[in-house]
Amino acid sequence: MNRRYCQAVLATLLLLAVNQAAGELDRLNDQDLSEVSGQGGIYLSGDISINEMGGPIENSYFGRCDDPDKKCGARLAYRLKEGGGWMVLDEIKGDFAFEGLTLRVRSIDSGFGGDGEQFNGDVMEIGLPDTVRFNDVRFRIAGSNTFRPTDPGFQQTDIFAVEMQGEVIMEGNLLVFPTGNP
Amino acid sequence: MMCQSVGAMALVLSAPVLAEMQSLDDDDMAAISGQSGITLEMELGMTADRLSYLDDGNGIYLEDFRVGSASRSGESAAHVIKVDITEDASLNLDYLVEDRRIEFGDIRLAGAPGVGMGGVFFDHSLQGNLRISPGGAFGSSGYTFDTAYTMTGGRLGYRTNGNEVFLDDVTLSVEALGVTLDVVGSTLELNAPRISGSYDVGAIRYSSNPANHGNTYDVSTGQALPSYGGLSGTFDLSSKTGVTAGGREGEGFRVDNETTINSASFIYHDDNNALAFRDITGHYNLNDLRVDIAKDRFGRDALGLTLGSLDGEFNIGRIEMGAEGRSIGEVNVSFMLRDHSYNGRNYTNAIYVQGGGHPDAGPQGLRLSAEWSLQLADLSYTEDGNRVIFSGLQSWGQGDVTVNVTRDGELNGTRFYDGLRVGFEDVNAGYRINGLRVGSDDAPLQGGTELLLALGFYPAYEFEMDGQVTLGAGGASGEGLTINSDIRIRNGRAAIIAAPYDEGDGEISQKGLWISDLSYDAHVRDMTVDVTEEGLAIIKGEAWSMMDVGNLRIGDKDRGASFGRFVVQQYETGSSMTVVPGGAGDVCAGGSGATRADCTASGGIWETRGDEGITLRLKQIFARAVSDTRKNAFAWETNRQIDASGNPINNTGTWLLLNDIHTSDGGDFDGDGVDDNTFGIRTDLSVDVYQTKMVKKTDGPDALGVAGARGDEKIMDPAAAAGYRYVSSPTATDLESRPLGFAVRARSQFRELSINNIDLVHPTGGPQTAVYGVKMQNFDIEANLTATPIP
């Protein structure tokens with residue numbers, strides 16, 4: 001897995017999530033941080049797993065991960081047309097771990113090539129964790145005629161599957177700027 | 001009888017909480033008991049239409065006063081008093097009182113005709129001794145009291161408009177020796193060096209039938225009246241009280257008190273399950289409490305209680321719940337209530353007690369015109385020896401609180417429910433926390449108060465509130481509480497992330513991420529609260545709410561730039577939460593394995609988080625939409641038009657709407673034609689205070705000037721100037737000094753979670769559906785997270 005590619009993808013997703021705001025990846029050193037106010041915040045580390053042993057449904061389609069005849073991952077389906085088919089992310093499972101994700105409010109009134117002085121306001125700063133470890137993260141993209149795989153006449157066409165393993169280096173900060181007309 | 005009353009009054013004044021009794025030893029008993037003298041046997045029945053207290057010409061009236069038998073209406077109560085005067089001129093009284101009721105039908109203020117505060121009744125049988133000796137603590141002109149008594153069959157009730165709540169089957173034992181009463185200067189000083197005892201309340205009952213007045217059993221069904229549960233505990237106090245003539249203005253009186261809680265316990269019982277607060281110690285100083293008949297800020301006549309200051313500290317060594325009596329940990333609170341300025345406005349501490357309650361509930365009830373100023377409080381939580389302090393808590397507010405005992409039904413256009421109703425009218429209030437300290441009181445102030453969000457608290461919140469909470473008797477089964485409430489918040493400003501409001505140089509604008517211009521309507525029906533064998537169980541019958549965040553601001557709560565408007569609607573049926581003592585226990589963080597060896601081999605860190613801590617078991621059942629007000633939805637509005645003042649106008653912008661979000665079991669398994677919805681989103685959340693690994697992210701000095709290299713681990717060190725240092729290769733000893741934070745182990749599962757439609761709404765073009773349904777199935781997400789405050 002191309003680490004820089006993953007970093008860019010994740011940053012893009014985060015930027016899309018905040019849509020109206022402008023995001024910036026900027027690795028500040030601690031000296032820079034000491035010159036801005038609003039230092040208090042939290043430092044988050046941990047690991048998250050999805051359907052490590054299976055989910056809460058046990059039926060003809062879903063089951064435990066040690067049952068080779070059943071799917072043990074999670075499933076997400078959506079459709080963009082009324083009465084149309086469903087786009088599906090199926091068999092979602094895996095786990096990932098991170099260390100050092102920070103969250104705080106930061107005031108910016110200088111730097112950034114002169115833009116900081118002009119902005120002179122507060123932003124959300126998400127300090128990216130240095131390393132995110134992915135372990136056996138996988139999902140499958142498919143098209144389906146019903147959202148539930150147990151519905152009568154269920155048909156599904158798998159398009160492709162994704163597996164992720166390894167580490168992604170994520171350095172710097174994601175700054176979320178409130179701009180535009182609220 | 002007179003002396004007995006004086007003695008009883010002295011004890012009440014000296015002990016703001018109920019005192020307990022223990023047996024006098026034989027020497028004391030021999031000295032006290034009436035060995036000779038006279039014996040008085042009385043059948044006492046007494047009534048008075050009105051007892052009046054006048055203060056500067058303003059009156060408060062205790063009406064329909066009666067002393068007589070508790071069980072036989074209209075009859076007298078039996079009294080036997082043995083009186084003896086000893087050689088040292090002490091007066092010894094042995095007394096036995098059987099089946100006595102002391103009652104006021106109503107308490108009224110002269111300046112508030114037509115309304116009253118409600119009635120109070122006190123039933124009891126009493127047996128004890130009282131010795132009154134000449135000479136107090138400051139000379140021969142005072143008195144010394146030694147007493148011990150046991151009260152049985154007690155009831156203490158509050159009654160409004162024919163409905164009542166009362167403590168039933170109360171047993172109280174008290175021993176107080178060496179209590180002195182002196183006049184010092186212009187102050188009547190009562191000193192109780194030790195008051196000890198125990199109490200037991202069999203049940204706290206509710207009745208909506210006037211014919212049940214003072215009865216344990218319903219007169220029509222013969223069944224025991226519903227109960228909130230029972231109480232028991234012990235206490236050992238020392239107390240000093242001064243009473244001085246003169247109110248805040250003119251007549252009235254002043255009370256000062258110092259009390260030390262040497263030891264105490266408080267246990268709530270619910271169907272043989274207990275919620276216990278044990279190993280309680282503490283102290284408080286009440287300074288310059290004035291009692292006047294006065295007018296409140298609106299000119300309404302009231303019994304005014306105005307406070308100079310109240311400061312103190314309480315420590316609860318163990319908070320136990322569940323069948324195994326496990327503890328969630330230790331809690332310590334220090335506080336200072338006194339006049340202070342917040343956001344440029346001064347607040348004081350005062351309660352003006354008036355009659356009437358809610359105007360639609362009937363003529364009887366309480367109205368408390370209140371103002372408070374909690375200038376400073378620190379709240380600490382310690383579990384398994386690890387301590388986190390929420391430092392610099394301030395709270396202020398002003399508004400009316402009403403209290404009525406109500407019955408189910410609509411009255412004068414207002415819906416009431418069975419129980420004790422607490423109403424809020426135009427309450428303008430707020431609170432804020434300055435930051436966190438970990439380990440000790442003098443540790444550096446850090447951020448991280450947003451960790452409270454996990455427990456449902458904002459780190460700072462200002463609001464205007466109206467509404468009511470009615471506490472009904474009886475839980476999901478047997479004893480317990482049933483809650484019906486309606487709360488409306490206006491002009492709210494709550495912090496999701498908050499910086500300090502005072503960095504050492506006085507109050508500053510508190511920076512943060514704020515949900516501002518907030519309107520919040522929340523309604524709960526038939527929510528039950530029970531102590532069970534597992535812990536504290538809360539089951540919501542039906543709950544719906546709308547949170548309208550006018551602006552999500554960053555920076556200043558009023559002037560910070562906005563991300564737009566957010567509206568969150570919730571509608572839940574049958575959701576529940578259980579609070580279970582004990583945290584995560586042994587955890588493999590960042591790896592897998594049930595043993596330390598397996599965990600370490602997988603790359604994880606084996607953590608032994610101890611026996612204490614808190615686990616929350618949540619079940620959230622998001623119901624399908626039944627109306628525009630009862631549904632689950634999320635909306636984000638931006639690009640709103642601006643009014644002449646520059647403020648955005650709601651409903652003029654573009655919306656993103658996630659509509660009718662609901663859970664399901666994934667099919668109609670019971671054949672009723674609709675999908676089952678019993679599983680919901682189930683989340684187990686175990687929270688511990690625990691050491692966490694923090695790694696430096698850049699080379700060079702950090703924000704506090706402490707040098708280190710990228711990848712070095714932060715190790716707490718009281719000898720270091722900043723309280724910590726960075727270590728590249730920490731030793732085993734270093735690892736025992738990792739910084740403290742909150743360790744959360746969470747597991748969340750749901751069978752099916754759906755969004756019916758996602759719409760984009762244009763102000764003139766109207767809604768367009770972008771996504772015709774989102775379905776998420778079979779999710780089981782587990783997380784081990786540590787959250788550590790950083791400076």
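Of the 128 residues in the largest nonpolar core, Ala494(B), Ala495(B) and Val744(B) touch the most other members. The largest share of this core comes from strand β9 (residues 163–184) of chain B, which gives 10 residues. Because domain 1 (1–245) and domain 2 (435–694 + 738–787) of chain B both give residues to this core, it lies between them. The model is predicted.

**Cores**
- Leaving aside its neighbours within four places in sequence, Val744(B) is in contact with Ala454(B), Leu685(B), Ser686(B), Val687(B), Leu785(B) and Ala787(B).
- In soluble globular proteins, nonpolar side chains tend to be buried together.

**Domains of chain B**
- The domain assignment of chain B gives domain 1 (1–245), domain 2 (435–694 + 738–787) and domain 3 (695–737).
- Taken over C-alpha atoms, the centres of domain 1 and domain 2 of chain B are separated by 47 Å.
- Between these two domains of chain B, six residues of domain 1 are in contact with six residues of domain 2.
- On the side of domain 1 of chain B that touches domain 2 of chain B, three residues are nonpolar, two polar and one charged.

**Strand pairing around β28(B)**
- Strand β27 (residues 481–498) of chain B runs antiparallel to strand β28 (residues 512–531) of chain B, and 13 bridges join them. Asp486(B) has His523(B) as its bridge partner in β28(B).
- β28(B) is also joined by 13 bridges to strand β30 (residues 542–555) of chain B, again antiparallel. Here Leu513(B) has Ile554(B) as its bridge partner in β30(B).
- Strand β29 (residues 536–539) of chain B pairs with β28(B) in the antiparallel sense over four bridges, and Asp530(B) has Ala537(B) as its bridge partner in β29(B).
- The hairpin formed by β28(B) and β29(B) has four residues between the strands.

**Contact between chains A and B**
- 55 residues of chain A are in contact with 61 residues of chain B.
- On the side of chain A that touches chain B, the elements giving two or more residues are α2 (30–34), β2 (41–50), β3 (74–78), β4 (86–108) and β5 (121–127) of chain A.
- β2(A) gives the most to that side of chain A, with 10 residues.
- The residues on that side of chain A divide into 23 nonpolar, 20 polar and 12 charged.
- β2(A) and strand β44 (residues 774–790) of chain B run antiparallel and are joined by 10 bridges. Ile42(A) has Pro789(B) as its bridge partner in β44(B).

How values were computed: Residues are numbered from 1 along each chain as its sequence is written. Chains are lettered from A and ligands numbered from 1 in the order in which they are written. This is a predicted model: local features need pLDDT of at least 70, side-chain atom pairs count only at pLDDT 80 or more; totals for chains, interfaces and linings use all residues. Two residues are in contact if their C-beta atoms, placed from the backbone, lie within 7 Å. Ala, Val, Leu, Ile, Met, Phe, Trp, Tyr, Cys and Pro count as nonpolar, Asp, Glu, Lys and Arg as charged, and the others, Gly among them, as polar. Two strands pair if DSSP finds at least two bridges between them. Domain bounds come from an automatic or database domain assignment. A nonpolar core is a set of buried Ala, Val, Leu, Ile, Met, Phe, Trp, Tyr and Cys residues joined through C-beta atoms within 7 Å. A residue is buried if 20 or more other C-beta atoms lie within 10 Å of its own, exposed if 12 or fewer, and partly exposed in between; C-beta atoms are placed from the backbone.
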